[in-house]
Amino acid sequence: MQLLALALLAAAPAASATPDADIRAAAERIAPAVVAVRRDLHAHPELSNREERTGHLVAERLRDLGLEVRYPVAKTGVVGILRGGRPGGVVALRADMDALPLDETNDLPFRSRVKGVMHACGHDAHTAMLLGAAEVLAGLKPRLPGTVVFLFQPAEEGAPEGEEGGAPLMVKEGALDHPKVEAVFGLHVGSWVSVGQAGWTDGPIFASSDSFRIEVEGKTVHGAQPHMGLDPIPVAAAIVQALQLVVSRQVDGRQPRVLTIGRIEGGTRFNIIAGRVTMDGTLRTHDATVRADIKSRMARTVKGVAEAHGTTATLRFLDDGNPPTVNDRALAQEVAFPALQRVFGAGALRVEPQMVAEDFPFFGEKAPYFYFLLGTRNDAKGIGSVNHTATFDVDEDALPLGVRALATLAWDFLGRKK
Ligand SMILES: [Zn+2]
Ligand SMILES: [Zn+2]
């Protein structure tokens, strides 16, 4: 019995070796279709948790490719399951689908047709590339050694207030459970690196993000008699300063962290002491422990400074926030980097982690993950605006590379499993 198994193994061609040439040929063949999908999505952007048209289009397309489809998941999301012709493990590839509340100023034939909504973060490209990877892998299904789960996720930019959404809801609704996913791969387009390049790390790549609100209570009175009331404006100013001292003086200098107060509101008139000041801000770190430590120091500081001035202030974190995106070291070094090197050659670059954030790491509650940056900047074409701006665009020459990278990462992961 054992001998027979050995003989079969010896006789079989390298079944699990990734068919790089076939993946490349397929990705290049379907490139115009991937671009067409991206342009269609770009022209019809939808906000977080409102990706009705997009989700429907994705589900239809996956059904056409012969995948098992779960739809809707996490409100408007889609899970596609491709079971290969050979036994093996289970790997997931993820794309986000939502757009942002921005008016596009690009003069493109496929510019947004929806006023006030724009694919300014490139999720149109993510969705189109993942559909492309599904098509490539579906075309090679008989040889595929295992199962690929395609996660089309809504609301990466954050669900509307009071709604659940995004990666946490995908996880909650079991998107990674049936079948049980063993690793998750994802990417983000942007101008961090140029077209033809991929930026990777084997540790942190994106930051945690926590948005918070501080409210300082005052007592309104005539502006000429502050001693008869309680002026929250200088207290708010003291809190802003003290919070900057928390991040600059109380945290290990080798730890990346940013604390920004982006909005302050208080008062009605130049000669009236304000009744209350509200401040909104964001906290970014690359480490879960540092994140928790700063959050507790912030609470202590806000309370203490307010008390020192004889008033009260509250600090509230507005939602659960995103954990830092920290790539699994073994997955990065043993699977992802060799795969990216075959697709991008010398363009597979180790990059410094960014302070922007993602909800992708919520998938890490279920499986190790790897996330990388797909370069879409092209200075010669004037494409270089950063994500979340009204002039953001991607060089579409990156799309077939992204399709190849996703398909290759999935196959490499499955192929190395015995
Ligand atoms: Zn974004
Ligand atoms: Zn994004």
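Reader: Which residues coordinate the zinc ion (ligand 1), and at what distances?

Author: In this predicted model, the zinc ion (ligand 1) is held by C121 through SG, E157 through OE and H388 through NE2, at 2.0 to 2.3 Å. Donors are N, O and S atoms within 2.8 Å of the metal (3.2 Å for Na, K and Ca), and water is not among the atoms, so sites may look incomplete. C121 also bridges to the zinc ion (ligand 2), and the two ions lie 3.1 Å apart. Residues are numbered from 1 along each chain as its sequence is written, and ligands are numbered from 1 in the order in which they are written. Local features need pLDDT of at least 70, side-chain atom pairs count only at pLDDT 80 or more, and side-chain values use heavy atoms, without hydrogens and water.

Reader: Is C121 buried or exposed?

Author: C121 is buried, with a relative accessible area of 8%, whereas E157 is partly exposed at 25%; buried means under 20%, exposed over 50% and partly exposed in between (1.4 Å probe, protein chains only).

Reader: How should I read the sheet with the order β9-β10-β8-β11?

Author: Strands of a sheet pair through backbone hydrogen bonds, either parallel or antiparallel. Here four strands form an open sheet with antiparallel pairing, where strands are DSSP runs (E, at least two residues), numbered from the N terminus, and two of them pair if DSSP finds at least two bridges between them. β9 (257-266) and β11 (313-317) stand at the edges with a single partner strand each, so one side of each lacks a neighbour in the sheet. β8 (residues 208-217) and β10 (residues 276-285) pair over ten bridges, and S211 stands opposite T282 in β10.
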